[in-house]
Amino acid sequence: MMGTDLLAIEDLSREDIELVLETAGHMQEVGRRDVKKVPTLRGRTIINLFFESSTRTRTSFEIAGKRLSADVVNFSPSSSSLKKSESILDTAKTLDAMDPDAVVVRHAVAGVPKRIADELAAPVINAGDGAHEHPTQALLDLLTVKERKGRIDGLTVTIIGDIAHSRVARSNIYGFTKLGAEVRVAAPPTMIPANVDCLGVKAFGSLREALDGADVVMALRIQMERLTGAYFPSVREYSGTFGLDRAKLRFAKDDVIVMHPGPVNRGVELAHDLADGRPSVILDQVRNGVAIRMAVLYLLAGRRPESEA
Amino acid sequence: MMGTDLLAIEDLSREDIELVLETAGHMQEVGRRDVKKVPTLRGRTIINLFFESSTRTRTSFEIAGKRLSADVVNFSPSSSSLKKSESILDTAKTLDAMDPDAVVVRHAVAGVPKRIADELAAPVINAGDGAHEHPTQALLDLLTVKERKGRIDGLTVTIIGDIAHSRVARSNIYGFTKLGAEVRVAAPPTMIPANVDCLGVKAFGSLREALDGADVVMALRIQMERLTGAYFPSVREYSGTFGLDRAKLRFAKDDVIVMHPGPVNRGVELAHDLADGRPSVILDQVRNGVAIRMAVLYLLAGRRPESEA
Amino acid sequence: MMGTDLLAIEDLSREDIELVLETAGHMQEVGRRDVKKVPTLRGRTIINLFFESSTRTRTSFEIAGKRLSADVVNFSPSSSSLKKSESILDTAKTLDAMDPDAVVVRHAVAGVPKRIADELAAPVINAGDGAHEHPTQALLDLLTVKERKGRIDGLTVTIIGDIAHSRVARSNIYGFTKLGAEVRVAAPPTMIPANVDCLGVKAFGSLREALDGADVVMALRIQMERLTGAYFPSVREYSGTFGLDRAKLRFAKDDVIVMHPGPVNRGVELAHDLADGRPSVILDQVRNGVAIRMAVLYLLAGRRPESEA
């Protein structure tokens, strides 16, 4: 059984992850109905506490909550009033006193959702914290791969991009390795974290080797401002070496699928024709994001108070 | 039967418009009940995708959706992240993958809702695009006139203001002429579009002639920044010649009604005492806006998937 | 019976206040249920019209409305479009034409909610106007004290801080004195209003006397920008003299409770260890805020049109 919060894939057991994926399978079925709504969380309140703006992820959580009949309240503090971590905790505790059934937190600084979870009675769901983790993103990626490939175990998954600064990469590395996949990362040396071996992944400096025999290729979004100077010479050079196109994709398996957490910098991480349609499954990832968030909200916010003791 | 999107009054047949007005009549009846809510769109999701901010129109769509029991999600992308049209489409496709039942789009550039509708599975409703069209505004204006006058056919409707740059004017010209009214426009020459005859309207350079025998007078909101220099000498001069007051209104019929899409620049397009109360029907327009948007959402988002094939 | 609006505690009778507190008691009971939702305001629309941003108060009203099954619509006009009071009223009248069942108004200028209430058919609830009143804050404070002390009558309540510029202070002075408490205020002379005696309170220039035998101490939030120059020499000096800590609190009764409307400037109005846990009841105040707003919305927005005549 999962804990009372969802802060990091690192914390989850294989069984926890499988429980979320299985629950999300039922939620996908709800999403295919004519009336895409179930009364599961009627009378429950979910607060989206987004210190860092992200309309896409916030919308996904909001739709997920509403499909479960929860009341969803968006709370985006103005950054000016939140200089000190003290006021972040005070804001969170104030919201907690309004008795929400879950608080979804996004913050630019790693560890803030954990700090908040330590103080709050309500379950806390990490919607992305700095370069730490983005657990629901990894869960939706796992669901998408499982849906397309029928399994995770034994697959070869190649993640390309700024591994060192990516919470999506970290969460996916934990998720895919826990479910038995072989994970490879490919990036310029400055974008590979020092401890990457400890994470159980193999690092590559060229796409050719990294893609050899891959079942799944995931390109990460590049922060363009990192691409001038310290980390990599230029967008053009990054794109030439690590940008994915159909020519490079030929090193992977014939039935490879291409993933991206979005939004895509077209022509940088992915060639234009790879951003749309097969073998890309980017829109499946988005669709599955709603199902995963429904599952997580159901598992954490749907508990009866008695069972939380 | 209407198409799957509502992009422009220009696209609609007389029958389409009459269907919306008739449906809106039923919705007005819901609005007069004690409990102003029907379960029609329960379990359906409506996304307000407003690239251009407009709290009034967004609120009208939001209330309309909620009165039909739909879940309404507001999505206002930060303009900074949407420099390129490519990212506009990617944003829309991302939202579409969350399986909404309708997407309401407002954008400062003409044609964007059409581009989005071409890519999306969900029905798209244009909530105003540049100087092109604002179809729900024209529909609510038609409903208001029909309610007050009992008919549209045979009426004389005079629209005053910056016709050349007004999506409200364009949509209303199509709407009123399709339903058999005579439409006149009155404005300084720089604010009359070159092709105005092709639209089936008569252009006037003075209010006296334009208002002669009019049943309906609609004043448009003036963009104040256009009133210095190229388009017209000054606010005072515009207001003196084209600003509507009770003296000028005497040229129209005794039972003339005065309309304005809001918000009014008081003392510019309308004298203070004309902005409030009879013969002004401005607040009726606002009230009917909710009924029209309920009707449009019902007709487009309420379809069963089978019937969309 | 209360009037049709809630604009100021000054306007309320003792019976009005007791009715709200009693109703809020029932709402607290709803808040303790597993499913914290009642169908009382189903089909009713509440508009949060916040000209001044306040995510905390807005969230409290939003959660309160949703727990009563109302549809809640947030409307925060961009300040740029609202320079003139004329456009404030036009905005409010436009929203009123959409037939809301209550409009919650916050504005930086005293008196704006009253001006709006005079024009609107819908009940108006003041959520804070300039330095005038913040009636739901006083009501939640009264509820919190009654819950902790079992009564208001005969208690001694000391309010510390910028009394002259605080709507929280004004509303609480009216509320506590109407219910029979003795109210004292303590502040530097520049922060005491000239007419403070007329309000029926005693003013003190030192905490020692002001706190002597107090049952309740309420510290107000200090606007830091007021603390340099005209009003008071420095934050350090204010905090030394009027900042509350456990040493100063010893002058009050042993079972004193400490209140603050939040957010707290820790180390300024309240010592760090007083901001959390007993004797502070700050989070009770927040929790009771939802119950009070449910009660007020129920009493004002829940009326049947017939009974409003």
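Modeller: What follows is a short exchange on this predicted model.

Colleague: How are chain A and chain B related?

Modeller: Chain A can be laid on chain B by a turn of 120 degrees, with a shift of 0.0 Å along the axis.

Colleague: Is P123(B) buried or exposed?

Modeller: P123(B) sits in the loop between α4 (112–119) and β4 (124–129) of chain B. A residue needs 20 or more other C-beta atoms within 10 Å to count as buried. P123(B) has 25 such neighbours, so P123(B) is buried.

Colleague: What separation is found between the C-alpha atoms of P123(B) and L6(B)?

Modeller: Beyond four places in sequence, the contacts of P123(B) include T4(B) and D5(B), as well as L300(B) and A301(B). L6(B) is 117 residues away from P123(B) along the chain. The C-alpha atoms of P123(B) and L6(B) are separated by 7.9 Å.

Colleague: Which element gives the most to the side of domain 1 of chain A that touches domain 2 of chain A?

Modeller: Chain A is divided into domain 1 (9–133 + 287–308) and domain 2 (135–281), and their C-alpha centres lie 26 Å apart. The contact takes 22 residues from domain 1 of chain A and 19 residues from domain 2 of chain A. On the domain 1 side, α1 (14–31), β4 (124–129) and α11 (282–301) of chain A each supply at least two residues. With 6 residues, the element that gives the most is α11(A).

Notes: Residues are numbered from 1 along each chain as its sequence is written. Chains are lettered from A and ligands numbered from 1 in the order in which they are written. This is a predicted model: local features need pLDDT of at least 70, side-chain atom pairs count only at pLDDT 80 or more; totals for chains, interfaces and linings use all residues. Helices (H or I, at least four residues) and strands (E, at least two) are DSSP runs, numbered from the N terminus. A residue is buried if 20 or more other C-beta atoms lie within 10 Å of its own, exposed if 12 or fewer, and partly exposed in between; C-beta atoms are placed from the backbone. Two residues are in contact if their C-beta atoms, placed from the backbone, lie within 7 Å. Copies are superposed by least squares on the C-alpha atoms of residues with pLDDT of at least 70 in both. Domain bounds come from an automatic or database domain assignment.
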